[in-house]
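Here is a chain to explore by question and answer.

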Amino acid sequence: MRATQVRPTGVERTLGEDELIVTKTDPRGVLTYANDVFLRLSALHEDETIGKPHNIIRHPDMPRAIFKLLWDAIGERQEVFAYVVNLATDGAHYWVLAHVTPSSDAQGRLVGYHSSRRRPEPGPVAAISKIYAELRAEERRHENSAAGLDASWAKLQGILTERNQTYDEFVWSLTNGAY
């Protein structure tokens, strides 16, 4: 559940060309580290961030199916790349190409997740925005969130099957100009 009820303003922020957002969480997705770029773009202070769920920046236009995909992948200790739109606490939004990896201790036990995000190019954002809108529309067609997630997930799988790609292959095809 979202900690805040911020409404999107339509104001877009972008990362600098050489900037990276870096965050770390515990295994439940609670923030344990956030760099200054994350804090600036999210309009948060460190004391508002550490100890809070990473989804405090979830934008309402992000399909839940993408977060299912992300949690499924990292739950299996796989890395995942995804295009994500985040919502700052002042209502601005920003797009990122996220790379999320599981973090383990010296004994191989999962201790959390590390996410690095960079500025995406406009072409892939435009392409993925259309697909995310379709997925969100599918979610909204259903009376309850579980049914909406199931339908959105099925739609995502159908899109990938149609393209004969995995999600990773799809993301990289967008990143490399196939949009």
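Student: Which residues touch the most other members of the largest nonpolar core?
Tutor: This is a predicted model: local features need pLDDT of at least 70, side-chain atom pairs count only at pLDDT 80 or more, and totals for chains, interfaces and linings use all residues. Residues are numbered from 1 along each chain as its sequence is written, and side-chain values use heavy atoms, without hydrogens and water. A nonpolar core joins buried (under 20% relative accessible area, 1.4 Å probe, protein chains only) Ala, Val, Leu, Ile, Met, Phe, Trp, Tyr and Cys through side-chain atoms within 4.5 Å. Of 46 residues here, the answer is Ile-21, Phe-38, Ile-66, Tyr-83, Tyr-132, Leu-156 and Tyr-167.

Student: Which element supplies the largest share of this core?
Tutor: Helices are DSSP runs (H or I, at least four residues), numbered from the N terminus. Those with at least two core residues include H1 (36-42), H2 (64-75) and H4 (145-163). The largest share, 7 residues, comes from H2.

Student: How do H2 and H4 lie, roughly parallel or roughly perpendicular?
Tutor: Their axes, lines fitted to C-alpha atoms over the stretch in contact (heavy atoms within 4.5 Å), are 8 Å apart. The angle, on a scale from 0 to 180 degrees between N-to-C directions, is about 75°. Angles of 65 to 115 degrees count as roughly perpendicular. H2 and H4 are therefore roughly perpendicular.

Student: What is the mean pLDDT of the chain?
Tutor: pLDDT is the predictor's confidence in each residue, from 0 to 100. In this chain, 98% of residues reach 70 or more. The mean is 94.

Definitions and conventions
Buried means under 20% relative accessible area, exposed over 50%, partly exposed in between (1.4 Å probe, protein chains only). Angles under 35 degrees count as roughly parallel, over 145 as roughly antiparallel, 65 to 115 as roughly perpendicular and the rest as oblique.
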